[in-house]
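Colleague: I would like to learn how to read a few features of a model. Please take them one at a time.

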Amino acid sequence: MSFTSHIRPTLVTLGVFTVLFGGVYPLTVTGITSLAFADKAQGSLIKDGDTVVGSRLIGQNFTKPEYLWGRLSATAEAPYNAAASSGSNYGVNNPALHEAAAARKTALGIDGPVPVDIITASGSGLDPHISPASAEIQVARIAAARAVPAATVRAAIDAATEGPTLGIFGEARVNVLEVNLRLDGKL
Amino acid sequence: MMLGVTPSGWLQLGFYMCVLTALAVPLGGYIARVLSGERTTMSFLLGPVERAFLNLSQSRPSEDMTWKQYAGAVIAFSLGGFLLLFGLLLAQGVLPLNPQGLPGLTPDLAFNTAVSFVTNTNWQSYGGEMTLSYFSQMVGLTMQNFVSAAVGIAVLAVLMRSLSRQSTDKLGNFWTDLVRINLYILLPLALIVAVILGSQGVIQTFSAYITAQTIEGGQQTLALGPVASQEAIKMLGTNGGGFFNTNSAHPFENPTPFSNFVELISILILPAALCFTFGKMVGDKRQGVAIFAAMTLVFVPMTVACIALEQSGNPHLIAAGADSAINMEGKETRFGIANSALWATATTAASNGSVNAMHDSFTPLGGMIPMILMKFGEVIYGGAGSGLYGMLVFVILTVFIAGLMVGRTPEYLGKKIGGYEIKMASIAVLFPCALVLICTAVAVLSPLGQAGIYNPGAQGFSEVLYAFTSAANNNGSAFAGLGANNPFYNSLLGLCMLFGRFFVLLPVLAIAGSLAAKQTVPASAGTLPTHTPLFVAILIGVIVLVGVLTYAPALALGPVIEHLIMIKG
């Protein structure tokens with residue numbers, strides 16, 4: 001069995017595996033998911049009429065006072081750039097981290113400490129969620145900007161809040177885009 | 001420090017370990033049947049495919065190879081796979097399924113990425129959605145995710161056979177092993193996991209990127225693709241190369257806490273199951289349990305420490321106005337601290353290398369834990385196949401050291417361990433260590449290497465140290481601030497991955513060849529039992545000792561200094 005005797009099996013296995021794992025397998029998964037979870041397979045898109053306004057799973061950048069704000073996002077070009085996911089990659093002692101957090105604290109305009117997730121950037125730069133505590137501290141601002149009772153804002157937040165899955169997995173969280181769509185009466 | 005872990009953190013870690021073990025035991029038994037060539041429940045479905053495959057390749061499946069022939073086949077197959085993927089990435093611009101019109105990769109990036117996937121490292125110099133077409137992801141990367149994992153398991157199968165056979169040079173047929181592992185183990189598991197992930201919202205589409213009109217009146221382009229199929233095998237095959245730049249932190253790769261749990265199980269399930277496969281194949285289940293115990297006894301404390309360190313966090317965040325120091329920078333809300341830290345340790349204990357949080361933003365000591373797990377040589381569960389064969393190298397060293405201490409001839413499972421085995425084991429253990437330290441030194445001393453550093457100070461050194469640790473041990477995760485997509489890092493890291501893979505794999509095959517030729521001697525009163533808590537403790541001691549002696553100075557210069565600066569405020 002010389003080295004050249006390995007050439008034919010190499011070519012055949014590479015060829016067949018390429019067809020099987022590069023073609024048949026992903027297409028089978030596509031077939032199953034597009035039948036069983038059609039909406040999710042396409043990106044859990046939210047539409048307003050025919051217009052795609054976003055994805056339930058992907059955060060958007062909110063800066064206006066009448067909207068709930070999400071995590072900081074460090075994606076290139078603009079925050080929440082869903083064509084170029086990225087974290088900040090700041091180390092704990094990087095002054096840029098401290099400045100970004102302090103600037104967000106100032107922008108929130110809240111006296112006293114705020115939950116840590118609202119002044120830090122997510123890993124993906126596309127985090128669709130914030131903690132319930134981070135939503136609560138924004139209720140007064142949103143209610144004032146919209147001239148609605150705080151209870152209206154809280155109702156929208158509650159409707160978009162999930163606890164840990166099955167009570168075990170993950171953390172309690174508020175879907176920021178869903179809250180804002182509800183506030184605008186679009187969901 | 002234990003107090004730093006929340007009750008929910010303890011619950012999630014405990015539940016994870018229970019489910020992992022409960023699944024690993026039966027899967028390990030199934031894999032043993034596949035590797036022994038027995039019929040399995042899948043045979044009636046996949047048997048004809050298997051036979052057609054082997055006929056086509058004119059390989060005689062019953063013809064066993066010697067270790068040198070087996071090594072030749074592994075090299076031929078890996079070289080062929082490298083050339084195929086390298087060419088495909090260079091030619092991306094003219095290939096189909098490229099709705100964004102992404103150009104071919106530069107030669108250095110194509111080299112790095114092809115080596116990365118063929119060696120089961122899956123280091124990401126590429127940027128996923130910004131760099132690779134659907135065709136490259138699917139036909140190029142997904143395919144290698146399967147076969148590179150299968151190669152690792154095949155080499156492990158050879159080592160296991162060498163311990164259960166005697167006075168032979170016949171160690172199995174690579175092509176038969178390769179086909180059976182892919183068809184009977186990886187393909188069914190990947191299909192199941194892909195569909196579960198699809199149910200959670202992991203996307204699977206060939207549409208071009210969609211532009212959404214955002215509520216505040218802007219536009220947001222959503223990168224899409226056939227993700228679920230790739231995600232499943234990326235986790236199962238201890239590959240870890242992401243579809244997207246931010247890997248499993250990206251909501252389309254990992255949308256829910258449950259998808260996160262399934263992916264976490266997928267990271268460790270094969271390396272954990274293979275311990276039980278080992279016990280079955282060498283005819284003494286206690287041996288497999290002992291190795292699983294040694295791995296778990298390193299993994300769980302490291303995970304608890306990592307969770308506690310991230311929970312106690314970064315005091316600078318309080319100074320910036322936060323109500324706690326909990327380190328949420330670079331982490332996703334839905335996962336929180338416990339799941340991000342558990343992932344960081346699982347992905348580096350195994351040579352997976354996927355991330356669901358940004359390791360560069362971990363606390364210095366919290367980020368040192370993934371680094372240490374890689375520095376142990378990826379043997380705490382480790383890569384698919386490669387983890388256990390690496391661990392068995394440490395077992396051989398441990399038997400030898402213990403034998404020296406009590407003045408007896410070292411033997412393992414009835415095989416006398418001689419000078420040749422120890423030489424090969426030393427190469428397998430020390431070569432990756434040397435690669436890490438030498439290449440880190442070269443990079444931090446050269447202007448080209450310094451240019452890639454992102455964070456100031458000691459963290460910048462840690463970025464370089466982490467990169468070479470990850471590459472030489474075939475992990476693939478990163479302190480991602482490091483700008484590694486340039487000819488300097490692409491080629492140096494590429495070479496590290498290549499040498500790190502084959503200078504462990506080939507010595508392991510050589511050890512297998514030597515052990516198989518020996519007779520199995522019956523255990524006597526003088527034999528050191530290798531299934532006892534005592535042996536497990538010595539084994540852990542050897543792994544930790546090698547790691548600490550090799551890397552303590554380097555770790556002191558990076559994470560330890562960064563930690564001292566952090567607590568000084």
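Modeller: In chain A, the C-alpha centres of domain 1 and domain 2 lie 39 Å apart. The assignment, automatic or from a database, gives domain 1 as 3–41 and domain 2 as 45–183. This is a predicted model: local features need pLDDT of at least 70, side-chain atom pairs count only at pLDDT 80 or more, and totals for chains, interfaces and linings use all residues. Residues are numbered from 1 along each chain as its sequence is written, chains are lettered from A and ligands numbered from 1 in the order in which they are written, and side-chain values use heavy atoms, leaving out hydrogens and water.

Colleague: What describes two packed helices?

Modeller: The angle between their axes and the distance between the axes. Axes are lines fitted to C-alpha atoms over the stretch in contact, and angles run from 0 to 180 degrees between N-to-C directions. For α5(B) and α6(B) the angle is about 125°, with the axes 9 Å apart.

Colleague: Which residue classes make up the contact of α5(B) with α6(B)?

Modeller: Contact means heavy atoms within 4.5 Å. Among the residues of α5(B) that meet α6(B) are B:F146 and B:R161. By class, the contact has 13 nonpolar, one polar and two charged residues; Ala, Val, Leu, Ile, Met, Phe, Trp, Tyr, Cys and Pro count as nonpolar, Asp, Glu, Lys and Arg as charged, and the others, Gly among them, as polar.

Terms used:
Helix = DSSP H or I, 4+ residues; strand = E, 2+ residues; numbered from the N terminus.
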